[in-house]
Amino acid sequence: RNRKPRGQEGSSAQEPSKADQTSQKTDKPSEAEARPIEWTDEELEELNFGNKVGIVFAVVTTAIYVRTAHPTVAGGDSGELMGAACELGVAHPPGYPLFTMLSWLGF
């Protein structure tokens, strides 16, 4: 949102015309643009609520992930392929060479 800093809402000074504004533009921001935004109490409450919702979501999803994660390396080819990746060897035909090379780079 574009807002005027507090204290300037009911300013009696006349605003410059569009022609004056374009002719006076500089690289340096004006004093009004350089001031930080002053949030209202309602906006701060809304931001705090959003932060709390984000934290709760992160905690819940992490708890679900930890609860459902496999406790160790799953059976089947997973362990064999990881072992082959550590040695840069061939697990078994077809050997999955791209997977083995990329995994070896990850170690």
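The model is predicted, so local features need pLDDT of at least 70, side-chain atom pairs count only at pLDDT 80 or more, and totals for chains, interfaces and linings use all residues. Residues are numbered from 1 along each chain as its sequence is written, and side-chain values use heavy atoms, with hydrogens and water left out.

Start with helix α3, residues 41–68; helices are DSSP runs of H or I, at least four residues, numbered from the N terminus. Its 28 residues reach 41 Å from first C-alpha to last, close to the 40 Å expected at 1.5 Å a residue (1.5 Å times one less than the number of residues). Of these 28 residues, one is buried, so α3 lies largely in the open. Buried means under 20% relative accessible area, exposed over 50%, partly exposed in between (1.4 Å probe, protein chains only).

Now turn to Thr100, in helix α5. Thr100 is buried, with a relative accessible area of 3%. Contact means heavy atoms within 4.5 Å; not counting residues up to four places away in sequence, Thr100 touches Ala84, Ala85, Leu88, Gly89 and Gly95. A polar atom of its side chain also lies 2.9 Å from the backbone oxygen of Tyr96.

Glu87, in helix α4 (residues 77–87), is exposed at 68%. Glu87 and Thr100 are 13 residues apart in sequence and 9.2 Å apart in space, C-alpha to C-alpha.

Helix α5 covers residues 97–106 and includes Leu105, which is exposed at 61% relative accessible area.

Methods. Helices (H or I, at least four residues) and strands (E, at least two) are DSSP runs, numbered from the N terminus. A polar contact is a pair of N or O atoms within 3.5 Å; within protein, one must be able to donate a hydrogen and the other to accept it, and residues adjacent in sequence count only if both atoms are side-chain atoms.
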